[in-house]
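Look over the model before reading on.

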Amino acid sequence: MAAKTDGNPNAPFDLIILGASGFTGKYVVREALKFLNTPSSPLKAIALAGRNSAKLTQTLQWATRSNNPPPIPILPADTTDPPSLRRLCTQTKLILNCVGPFRLYGEPVVAACAETGCDYLDICGEPEFMERIEAKYHDKATETGSLVISACGFDSIPAELGLMFNSRQWVAPSVLNQVEAYLSLESEKRIVGNFGTFESAVLGVANAKQLQELRRSRPRRARPVIPGPPPSKGPTIEHQKKVGLWAVRLPSADSIVVRRTLAALTENPHGLPGSNESAEMVEKRAAFWSSLRPAHFGVKIGSKSLLGIFRFIAVGLFFGLFGSNAFGRWLLLKFPSVFSLGWFRKKGPSEEEVESATFKMWFVGHGFSNENLASQGNSKPDMEIITRVMGPEIGYLTTPIILIQCALILLSQRENLPKGGSFPPGIVFGPTNLQERLQQNGISFDVISKSTLSS
Ligand SMILES: NC(=O)c1ccc[n+]([C@@H]2O[C@H](COP(=O)([O-])OP(=O)(O)OC[C@H]3O[C@@H](n4cnc5c(N)ncnc54)[C@H](OP(=O)(O)O)[C@@H]3O)[C@@H](O)[C@H]2O)c1
């Protein structure tokens, strides 16, 4: 197949949602329909794809709340049937992949996109998958002009943009050293996730070894230079009084994705050139990245009560104990509600449970009032800036909002984005107007406080 540039510009569909019949997929369809054929939207023609057309029709009825939904084409595609995926790719500029666990089903979709030059976004939260497809398909995707970006959901865009937002509050001569993010999930009803995410997390534990092996087999990535000494590990359970939370480390994909973006930035200090960007855009991109200071980054999950923290720890222990062997995984997957202490259910949350949930992600940044202080080996940070990203329920409201806004940017500003290749989302979308778009769609970014720390 001839190499193309900039995705697949002459395809009849702007995007196809693959896995639209899934729990998350149906919310993605609902979000996409908000922008279909509205003024100034690049979304003029979409299609749904999957292996069960009856379920896809039901999705459309659910998303439009109508038994006579608009005539949106439904296309057959199965990830076990690569020709069906290649057929999809030739019909669209962009695939939004909602079929997970990605470890099981994702690779053939990326392979078809990379081969045909079709652009690809997904909502994966599985680091092993993201790094594996980057290793295997980056070169092919670069050659064919397919832009492949994983983790365009709650995993991991709030972390990526949240860190950038905090980092950009540090004005010279002050320098940033560390940002710790504290995630707090809130609801008046139960907080519940669907089985698909639970299964992906279980497989993530099972694949931890493969991820280490993959990393060992790859060239070492560049590391950013961060002023000041590396932060100490701190206690296992932290009481973060400034944000009113008890917290423990969250083994999500976020900090891994952020590290990959910081590595890409270190290798490309002005960011990634667009396929056909204007001189003005080149300048804007370079200015954006020069305003950003890298930092040590980690994510913790928080709870207002210490008891809540013990629940997180108990679930973590179940995952650690059972996730690494086949029988244990069978148990976890057979009884998700039991082993997640009610946080995941086979049939997912009700619409009311989804609507009533919200998240807050606090970014507590520590740094130095000037670089000299940072270079004194034993000095402690003397400045703190706290910022916050806040929005609706993470999996089925925030994730579709983020995915669709990334898709709209990709469709309307393709010339400002790299021609092709596999990248983490932050390095691609950082200098675009993604943050503003998320703010217009219910996800806020706020500066909470700037203070001097007493030693
Ligand atoms: N980044 C985030 O924050 C975030 C948020 C939410 C979800 N996710 C991830 O999204 C993924 C999906 O989660 P979910 O809860 O929506 O799962 P789900 O309800 O089980 O949906 C899975 C979807 O994949 C489809 N599928 C499965 N095997 C397929 C195949 N061989 N060919 C084509 N389609 C196939 C299913 O089709 P059928 O209907 O025909 O079975 C269904 O549409 C998970 O990996 C989850 O972790 C991430």
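From which domains does the shell around the ligand draw at least three residues each? They are domain 1 (13-153 + 398-429) and domain 2 (157-197 + 207-302 + 350-393 + 443-452), with bounds from an automatic or database domain assignment. This is a predicted model: local features need pLDDT of at least 70, side-chain atom pairs count only at pLDDT 80 or more, and totals for chains, interfaces and linings use all residues. Residues are numbered from 1 along each chain as its sequence is written.

**Ligand shell.** Of the 30 residues around the ligand, G22, T24, G100, G153 and G196 come nearest (near: C-beta, placed from the backbone, within 6 Å). Two or more residues each come from α1 (23-33), α4 (102-105), α8 (195-206) and α17 (394-412). The shell divides into 8 nonpolar, 18 polar and 4 charged residues.

**Helix packing.** Helices are DSSP runs of H or I, at least four residues, numbered from the N terminus. Axes are lines fitted to C-alpha atoms over the stretch in contact, and angles run from 0 to 180 degrees between N-to-C directions.

| Pair | Angle | Axis separation |
|---|---|---|
| α1 and α17 | about 50° | 9 Å |
| α12 and α13 | about 140° | 8 Å |

F318, L321 and F322 of α12 meet G328, R329, L331 and L332 of α13 (contact: C-beta atoms, placed from the backbone, within 7 Å). This contact has 5 nonpolar, 1 polar and 1 charged residues (Ala, Val, Leu, Ile, Met, Phe, Trp, Tyr, Cys and Pro count as nonpolar, Asp, Glu, Lys and Arg as charged, and the others, Gly among them, as polar).

α1 and α17 are also oblique to each other.

Conventions:
Contact = placed C-beta atoms within 7 Å. Parallel < 35°, antiparallel > 145°, perpendicular 65-115°, else oblique.
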